[in-house]
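Here's a friendly walk through one protein model and the ligand that comes with it. Have a look at the picture first, then read on.

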Amino acid sequence: MKAHIAVLPGDGIGPEVMAEGMRCLRALAERHGHTFTLTELPFGGAAIDLTGNPLPDETLRACLAADAVLLGAIGGPKWSAPQAKVRPEQGLLGLRRALGVYANLRPVRVHPALLGASTLKPEILKGVDLMFVRELTGGIYFGDKRREAGSATDVCTYTVAEIERIVRSAARLAQQRRHKLVSIDKANVLETSRLWREVTTRLMREEFPDVTLEHMLVDSAAMHLIRRPRDFDVLVTENMFGDILTDEASMLAGSLGLLPSASLGEGRRGLYEPIHGSAPDIAGRGIANPYGTLLSVALLLRHSLTLAAEADALEKAVSEAIIAGALTPDLAGAGQAVTTQEAGDAVLKRL
Ligand code: IPM
Ligand code: MG
């Protein structure tokens with residue numbers, strides 16, 4: 001098949017992990033007879049330096065015209081002064097909005113070979129396999145923001161339609177998995193959460209009677225997530241709760257560097273990115289974990305290009321590289337750590 005992929009390496013470790021992502025895409029194209037056109041574009045802080053805009057028009061146009069967008073990471077101290085007028089993060093939010101990718105899927109699986117890598121006890125982690133569905137284009141991230149002399153305001157708004165479509169996405173995933181959905185809110189305090197709960201209850205009763213629905217308050221969910229993570233199947237929540245809880249959930253897998261994500265809208269086009277940030281503290285040293293990016297490439301192959309066999313092959317190769325001990329310092333512990341590129345080599349060799 002022929003596919004156009006917009007590649008946004010971004011800032012910090014973004015370009016380092018993206019180099020491995022592109023190597024894998026090229027290798028898969030060659031081995032399976034596909035033509036992937038990869039177009040690298042400026043984005044985030046790198047684009048601010050170049051053009052003054054974190055999401056230049058040319059980048060946005062190319063993303064809208066592509067079959068899929070693959071993103072590394074953005075941000076860094078250089079662009080994050082409290083007074084800064086433009087920020088890399090505005091580019092990311094603008095891109096998510098412009099692509100209409102309201103459903104952010106963040107799967108969390110615990111690899112048997114990494115049971116010891118987490119700070120949590122192995123017996124709690126064994127068999128964990130859950131899927132976070134985070135609402136990505138609404139809520140407090142996108143509401144009015146105001147700063148006055150002695151105060152600041154961030155508005156959080158959700159519409160019925162926004163809640164319905166994200167809950168539908170999550171419920172459909174639950175139907176393909178273990179038929180359990182936990183909806184996370186703060187309905188004891190927030191009006192948006194009370195609407196969320198009401199809409200979710202009705203929609204699940206009317207459209208998904210085969211999926212068990214449980215409501216959970218976000219503080220309680222944060223606790224249960226590390227107390228009994230195996231009990232969760234699909235979790236759906238609003239934008240900011242999802243941001244916070246998925247960083248927490250990454251510790252089940254052992255490292256933030258392992259987690260991929262897919263952001264999807266109505267069509268096949270999607271935005272794929274590891275959930276980690278630009279990690280300025282380790283940028284430029286060639287030690288970032290590329291597996292979150294490679295697993296994001298697998299999600300891209302599966303969801304946007306419908307290349308399930310290639311996606312499976314890549315996930316299997318990453319899993320085997322992990323078993324073989326090709327681990328970057330975030331996972332290697334006191335053992336022998338490999339570099340970003342060596343981790344990429346280990347995967348390529350097994351593809
Ligand atoms: C994420 C990140 C972003 C977010 C930042 C970089 C704006 O933390 O994708 O989880 O908050 O959505
Ligand atoms: Mg985050």
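A polar contact is a pair of N or O atoms within 3.5 Å; within protein, one atom must be able to donate a hydrogen and the other to accept it, and residues adjacent in sequence count only if both atoms are side-chain atoms.

## Before we start

What you're looking at is a predicted model, where local features need pLDDT of at least 70, side-chain atom pairs count only at pLDDT 80 or more, and totals for chains, interfaces and linings use all residues. Residues are numbered from 1 along each chain as its sequence is written, chains are lettered from A and ligands numbered from 1 in the order in which they are written, and side-chain values use heavy atoms, with hydrogens and water left out.

## Around ligand 1

Which residues surround ligand 1? They are E89, L92, R96, R106, R134, Y141 and D243, where being near means that one of a residue's heavy atoms lies within 4 Å of the molecule. Sorted by type, this shell has two nonpolar residues, no polar ones and five charged ones. For that count, Ala, Val, Leu, Ile, Met, Phe, Trp, Tyr, Cys and Pro are nonpolar, Asp, Glu, Lys and Arg are charged, and the others, Gly among them, are polar. Helix α4 (residues 88-99) gives the largest share of the shell, with three residues. Helices (H or I, at least four residues) and strands (E, at least two) are DSSP runs, numbered from the N terminus.

For Y141 the distance is 2.6 Å, for R134 it is 2.8 Å, and for D243 it is 2.9 Å. On its own, ligand 1 has 320 Å² of accessible area, and the protein covers 77% of that. Such areas come from the Shrake-Rupley method with a 1.4 Å probe; for residues, only the protein chains shown count as cover.

Where does ligand 1 sit relative to the domains? Domain 1 (1-113 + 255-351) and domain 2 (118-253) both give residues to the shell, so the ligand lies between them. The domain bounds come from an automatic or database domain assignment.

## A partner for R96

R96, one of the residues around the ligand, also has a link within the protein: its side chain makes a polar contact of 3.2 Å with the side chain of E273. You'll find E273 in the loop between β12 (270-272) and α10 (291-303). Is E273 buried or exposed? With a relative accessibility of 6%, E273 counts as buried; the cut-offs are under 20% relative accessible area for buried, over 50% for exposed, and partly exposed in between (1.4 Å probe, protein chains only).

A279 is partly exposed, at a relative accessible area of 21%.

T306 is another non-glycine with a positive phi, here about 50°. Look for T306 in the loop between α10 and α11 (308-323). With a relative accessible area of 49%, T306 is partly exposed.

## Cysteines without a bridge

How many disulfides does the structure hold? The count is zero, taking a disulfide as a pair of cysteine sulfur atoms within 2.5 Å. C24 counts as buried, at 1% relative accessibility, and C63 is buried too, at 0%.

## Sequence versus space

Now for some pairs, with spacing given C-alpha to C-alpha. T212, in strand β9 (residues 212-217), is 31 residues from L181 in sequence and 6.0 Å from L181 in space. T212 is exposed, with a relative accessible area of 53%. R26, in helix α1 (residues 14-32), is 11 residues from T37 along the chain and 9.2 Å away in space. At 49% relative accessibility, R26 is partly exposed.

T246 belongs to helix α9 (residues 239-253) and is buried, at 1% relative accessibility. Between T246 and P229 there are 12 Å in space, and the two are 17 residues apart in sequence. Finally, H224 lies in helix α8 (residues 218-227) and counts as buried at 13% relative accessibility. H224 and L93 are 131 residues apart in sequence and 29 Å apart in space.
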